[in-house]
Amino acid sequence: PNNYTIEYQNVKPSGSSTTISYMPNNNSCIYDQAVTLGDAPVLSGYTFGGWYADSGCTEAYRLGDAGQVIEKANLTKDVNGVVKAYPKWTANTYTVTFDTDGGSCSEASRQMVFDKEYTSAGALPVPTKANHIFLGWTLNGVDLKSSDYVRIAGNHSLKAKWMSLKW
């Protein structure tokens, strides 16, 4: 029989801040026999979108979904060949809530994309509070810069930082 291997490639999106925490083992396959594609890999902040035969994950080269059975899987005619399977990733979107700490704001929350700048969807809102000057937003007590990226894989809050005007 013509044996071949499906090698699952441990690749993540360019610029991703996280590490793939699970990858399936490679498959040993036989030409003209059913193949079960590997389980979904896990990358925090991203959703797995299937296995592809090209690193660009173009639809024409889609192999299938995690755990999908391909009947008569003739993925290569090369004896002892290797088929590389690349994971397709889509960054998750999370709700970021604006905690004004007693102030008021034009936005209560905004949908933001993991591994993108907090300001990628526009400037962050500027809240107001009587007798206070807004100094910026903080994340877990740390001042947030406009160039900071969404690195929390889940819904979270930014908190307003204020300076009191003493009369």
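How many disulfides does the count come to?

A: The count comes to zero disulfides, taking a disulfide as a pair of cysteine sulfur atoms within 2.5 Å. A quick note before going on: this is a predicted model, where local features need pLDDT of at least 70 and side-chain atom pairs count only at pLDDT 80 or more, while totals for chains, interfaces and linings use all residues. Residues are numbered from 1 along each chain as its sequence is written, and side-chain values use heavy atoms, with hydrogens and water left out.

Back to the cysteines. A disulfide is a covalent bond between the sulfur atoms of two cysteines. For C29, the closest cysteine sulfur is in C57, and at 19 Å that is too far for a bond. C29 is also buried, at 4% relative accessibility, whereas C105 is partly exposed at 26%. Here buried means under 20% relative accessible area, exposed over 50%, and partly exposed in between (1.4 Å probe, protein chains only).

Strands pair if DSSP finds at least two bridges between them. β6 runs antiparallel to β9 (residues 81-91), joined by five bridges, with F48 opposite W89. β6 also runs antiparallel to β7 (residues 62-64), through two bridges, and there W51 stands opposite G64.

Methods
Helices (H or I, at least four residues) and strands (E, at least two) are DSSP runs, numbered from the N terminus.
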